[in-house]
Amino acid sequence: MKNILILLLLFPMSTFAQKFVSDQSNIRFYSSAPIEDIEAINEKAKSVIDLSNGQVVFSVDIEGFQFEKALMQEHFNENYLESEKYPKSTFKGQIEDWNNIQGAQEVKVTGDLMIHGITKKVVLGGTI
């Protein structure tokens, strides 16, 4: 996969001081490939954002990703991400240059992404 984009939208959420918690966040990925592009969305990710310091955490069930083609979804779960063996992915990160501006904004988040049992440092773009 060449490009991965994580889109984090906080839908109906509860608040605790400066923390917003959602169990209906959207995560989308897209990869341009020579034979065909690959795209999926998961609308049931769980996320927390702490507005006081710009920390972001999310957890997603791998089987929740929906693809346009059923066969692509089957291959994703069975052959590539082995969702029975590795059912969840998590991310813990910090929004770069966080300034707590109100309203929708494009952000970059640096942190640790754990997927398929492996954790790597990543920089992700998204919209809050």
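## Briefing: salt bridges, buried spots and a negative patch

D61 and K88 form a salt bridge, with 2.4 Å between the closest N and O atoms (a salt bridge being a side-chain nitrogen of Lys or Arg within 4 Å of a carboxyl oxygen of Asp or Glu). D61 sits in strand β4 (residues 55-61) and K88 in strand β6, so the pair ties together parts that are 27 residues apart in sequence. Keep in mind that this is a predicted model, where local features need pLDDT of at least 70 and side-chain atom pairs count only at pLDDT 80 or more, while totals for chains, interfaces and linings use all residues. Residues are numbered from 1 along each chain as its sequence is written, and side-chain values use heavy atoms, with hydrogens and water left out.

**Overall layout**

- The protein chain has one helix and eight strands; both kinds of element are DSSP runs numbered from the N terminus, with helices being H or I over at least four residues and strands being E over at least two.
- Reading from the N terminus, the order is β-β-β-β-β-α-β-β-β.
- Of the 128 residues in the protein chain, 32% are buried, and the cut-offs go like this: buried is under 20% relative accessible area, exposed is over 50%, and partly exposed is in between (1.4 Å probe, protein chains only).
- The accessible surface of the protein chain comes to about 8,100 Å², and carbon and sulfur atoms hold 55% of it; areas come from the Shrake-Rupley method with a 1.4 Å probe, and for residues only the protein chains shown count as cover.
- Take the contacts in the protein chain between residues at least 6 apart in sequence: 44% of them join residues at least 24 apart, where contact means heavy atoms within 4.5 Å.

**Salt bridges**

- The salt-bridge count comes to four.
- Back to the opening pair: D61 is partly exposed because its relative accessible area is 36%, and K88 is partly exposed too, at 40% relative accessibility.
- R28 and E39 also meet through their side chains in a salt bridge, at 2.9 Å from N to O.
- R28 is in strand β2 (residues 19-31) and E39 in strand β3 (residues 38-50), so this pair ties together parts eleven residues apart in sequence.
- R28 counts as partly exposed at 23% relative accessibility, and E39 gets that label at 38%.
- K121 and D112 make another salt bridge, 3.1 Å from N to O.
- In that pair, K121 is exposed at 66% relative accessibility, whereas D112 is partly exposed with a relative accessible area of 30%.

- E63, E74, E78 and E84 form a negative surface patch.
- Patch members need over 30% relative accessible area and no salt bridge; like charges are joined within 9 Å, and nonpolar side chains (Val, Leu, Ile, Met, Phe, Trp, Tyr) within 5 Å.
- For the charges, Lys and Arg count as positive and Asp and Glu as negative, with His and the chain ends not counted; each charge is placed at NZ of Lys, CZ of Arg, CG of Asp or CD of Glu.
- E78 belongs to helix α1 (residues 70-80) and counts as exposed, at 54% relative accessibility.
- N77 is in helix α1 as well, but at 11% relative accessibility N77 counts as buried.
- Leaving out residues up to four places away in sequence, N77 touches I62, E63, E82 and S83.

**Loops worth a click**

- Q105 is in the loop between β6 (88-95) and β7 (106-115), yet it counts as buried, at 15% relative accessibility.
- Neighbours within four places in sequence aside, Q105 is in contact with W98, N99, G126, T127 and I128.
- Most residues other than glycine have a negative phi.
- E82 has a positive phi, near 45 degrees; E82 is in the loop between α1 and β6 and is partly exposed, with a relative accessible area of 31%.
- H116 has a positive phi too, near 60 degrees; H116 is in the loop between β7 and β8 (118-127) and counts as partly exposed at 24% relative accessibility.
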